Amino acid sequence: MGAMIEIDRLNVSFGDGSQAMRVVDDVSFRVAKGECFGIVGESGSGKSTILRTIMGLNSNFTGRIVIDGQPFETRRAREQYRHIQMVFQDPYSALHPRRTVDWSINEPLLIQGYPDRDRLVVEMLESVGLSPALRYRFPHQLSGGQRQRVAIARAIILNPAVLLLDEPTSALDLSVQAEVLNLLDGLRRAFGLTYVFVSHELAVVAHMCDRLAVMKQGVVVEILSAEQLRRGDAAQEYTRELIAASLPYRREALAG
Amino acid sequence: MSSTPARTEQAELPLLDVRNLFVDFRTTTGTVGALRDVSFTLGRERLGIVGESGSGKSTVGRTLLRIHGKNGIVRARRLQFAGRDLLGLPEREMREIRGRRMTMVMQDPRYCLNPVLKVGNQLAEACRAHSTMGKAEAWQKAVDMLDIVQIRNPARVAEYYPHELSGGMGQRVMIAMMLIPNPDLLIADEPTSALDVTVQRQILHLLDRLVAQRRMSLVFISHDLNLVSGFCDRILIMYRGRIVESCAADQLHAARHPYTRGLLDCAPSMDRKVDRLNVLVRDPAWEQ
């Protein structure tokens with residue numbers, strides 16, 4: 001049925017023996033090709049760990065990760081890494097501080113042995129809305145929004161099938177967030193990408209995603225559509241709590 | 001409360017009176033104007049200051065407490081707190097105000113608490129700094145304050161070190177510490193931005209209740225327009241060091257300035273589905 005991502009009974013633990021801490025507990029979900037799937041939850045709920053595990057940054061997991069029909073194990077071929085790319089929350093720490101924008105975007109091409117890298121970098125800068133004048137700048141010379149655009153450019157330059165987004169706009173100002181979200185939305189349509197979008201902000205996920213999973217302490221509490229989220233039509237108490245916390249703040253009755 | 005009569009006498013005079021405040025920071029690459037011609041007054045109310053990063057909202061709070069850093073140059077036609085001129089005040093007298101009559105809660109409790117001292121000792125120190133309390137009495141007061149900020153089992157938490165606290169508990173401890181001297185003015189600089197949404201709500205309700213009970217004035221600094229409009233009485237909107245608009249909090253939806261309107265429009269909303277988010281188009285004229 002055209003599932004791009006199939007996650008089946010994923011378990012991730014950190015630590016050994018009695019110290020072991022299960023941070024992702026029996027998580028299963030599917031994401032269709034071209035879909036944007038959201039994961040929401042509070043800190044420590046395991047949402048970022050799921051992304052890192054899909055990405056291949058955690059080796060201590062059990063369960064199945066299937067991308068585009070291919071099982072992804074702990075050891076992966078170089079070609080498999082190309083299929084999945086990730087954008088992190090903080091563009092300050094995600095880019096090498098002493099390398100130029102050009103180097104950051106070029107490196108994945110070099111590793112994967114692409115020809116004609118110069119042209120690809122120039123085209124990619126344009127696709128993410130960065131001026132060619134910024135090509136030889138260093139990260140500290142860019143604004144937060146520009147840095148996140150560089151991180152996005154680096155992630156999609158290899159033509160991946162799946163883009164994993166870990167709170168990509170949480171460190172940005174509201175006006176910059178709108179620009180980056182619009183960019184991500186446009187890129188998904190233009191390149192036919194499949195997104196997994198992690199965020200703690202329900203309004204952002206409701207805007208970006210078709211469906212979303214609500215996580216609490218490593219467990220997927222429920223999976224619902226963005227439409228259900230908007231209507232407040234949630235089956236689980238915890239989801240309703242999260243929705244209530246995202247509504248405008250109301251003052252309590254004041255004592256004088 | 002014993003200090004209430006003295007406070008009602010002052011009710012006529014604004015607690016804060018700021019006129020034409022300029023703050024410049026001298027850096028190796030030149031002078032940066034952080035605040036440009038900021039004027040406002042504050043009575044017994046809750047004032048929200050909203051803006052994006054770099055707008056100068058935190059500099060306002062820091063300048064009021066005179067903790068703005070040595071490279072900052074402050075000029076103002078008037079900068080008064082309860083009728084006293086903050087600019088000319090000697091440091092010794094400033095200490096009578098800072099931490100006693102005017103206190104501040106910052107964004108991240110992890111950086112505000114001393115990592116090698118027990119929470120109870122840090123709170124007791126705050127008590128003893130502002131009174132002649134004995135050690136045992138101050139410790140007891142510390143435990144009582146933890147109870148007031150709704151920490152379960154306060155006697156035990158007083159024995160904790162800061163790394164043993166969760167983010168929400170840490171922020172409760174900071175609020176407790178700032179309320180010990182029963183200040184006239186509490187400055188809260190993004191007090192809930194580092195916390196999870198459900199914890200955010202608990203901290204906001206706590207602040208809400210304590211500020212109302214103690215009849216404190218509050219300056220609430222935040223980047224979140226909607227949060228501030230629900231929490232405060234009045235809002236100042238800042239852009240690049242200037243106040244571009246000031247309005248009653250419940251009139252935010254009727255805001256006039258294009259920057260305020262733009263900010264309100266570019267936030268994704270739970271209620272309505274849009275295809276593309278509106279993008280803020282900045283006008284250089286806003287800086288004039």
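A residue is called buried if 20 or more other C-beta atoms lie within 10 Å of its own, exposed if 12 or fewer do, and partly exposed in between, with C-beta atoms placed from the backbone. The structure is a predicted model, in which local features need pLDDT of at least 70 and side-chain atom pairs count only at pLDDT 80 or more, while totals for chains, interfaces and linings use all residues. Residues are numbered from 1 along each chain as its sequence is written, and chains are lettered from A and ligands numbered from 1 in the order in which they are written. Helices (H or I, at least four residues) and strands (E, at least two) are DSSP runs, numbered from the N terminus.

In chain B, strand β9 covers residues 217–222, and six of its six residues are buried, so the strand is largely enclosed by the rest of the structure. S217(B), V219(B) and I221(B) point one way from β9(B), whereas L218(B), F220(B) and S222(B) point the other way. Two strands are said to pair if DSSP finds at least two bridges between them. Strand β3 of chain B (residues 46–50) pairs with β9(B) in the parallel sense over five bridges, and V50(B) has S222(B) as its bridge partner. Strand β8 of chain B (residues 185–189) also runs parallel to β9(B) and is joined to it by five bridges; here L186(B) stands opposite L218(B). Between β8(B) and β9(B) the chain passes through helix α8 of chain B (residues 197–213), in a β-α-β crossover that is right-handed. Right-handed means that, with the strands pointing away from the viewer, the path from the first strand over the helix to the second runs clockwise.

N182(B) has a positive phi of about 55° although it is not a glycine. With 14 C-beta neighbours inside 10 Å, N182(B) counts as partly exposed.

In chain A, six strands form an open sheet in the order β6-β7-β8-β3-β9-β10, with mixed pairing. Strands β6 (84–87) and β10 (219–225) of chain A stand at the edges with a single partner strand each, so one side of each has no neighbour in the sheet. Neighbouring strands of this sheet are turned by 20° against each other on average, direction ignored. Axes are lines fitted to C-alpha atoms, for helices over the stretch in contact, and angles run from 0 to 180 degrees between N-to-C directions. Strand β9 of chain A (residues 211–216) pairs with β10(A) in the antiparallel sense over six bridges, and A213(A) has I223(A) as its bridge partner. Helix α6 of chain A (residues 144–156) packs on the sheet, where it touches β6 and β7 of chain A and makes about 175° with the direction of β6(A).

L212(A) lies in strand β9 of chain A and is buried, with 27 other C-beta atoms within 10 Å. Two residues are in contact if their C-beta atoms, placed from the backbone, lie within 7 Å. Leaving aside neighbours within four places in sequence, the contacts of L212(A) include F37(A), I39(A), V205(A) and L224(A). The C-alpha atoms of L212(A) and L202(A), ten residues apart in sequence, are 9.8 Å apart in space.

R9(A) has its place in strand β1 of chain A (residues 3–14). With 11 C-beta neighbours inside 10 Å, R9(A) counts as exposed, and R9(A) has a positive phi of about 50° although it is not a glycine. Beyond four places in sequence, R9(A) is in contact with D26(A), S28(A) and G63(A). Eight bridges join β1(A) to strand β2 of chain A (residues 21–32), and the two run antiparallel; F14(A) stands opposite M21(A). The two strands form a hairpin with six residues between them, and G15(A) in the turn has a positive phi of about 85°. Strand β4 of chain A (residues 61–67) pairs with β1(A) in the antiparallel sense over six bridges, with V12(A) opposite F61(A).

Between the chains, 27 residues of chain A are in contact with 31 residues of chain B. On the chain A side, α7 (174–191), α8 (202–208) and α10 (237–246) each supply at least two residues. The largest share, six residues, comes from α7(A).
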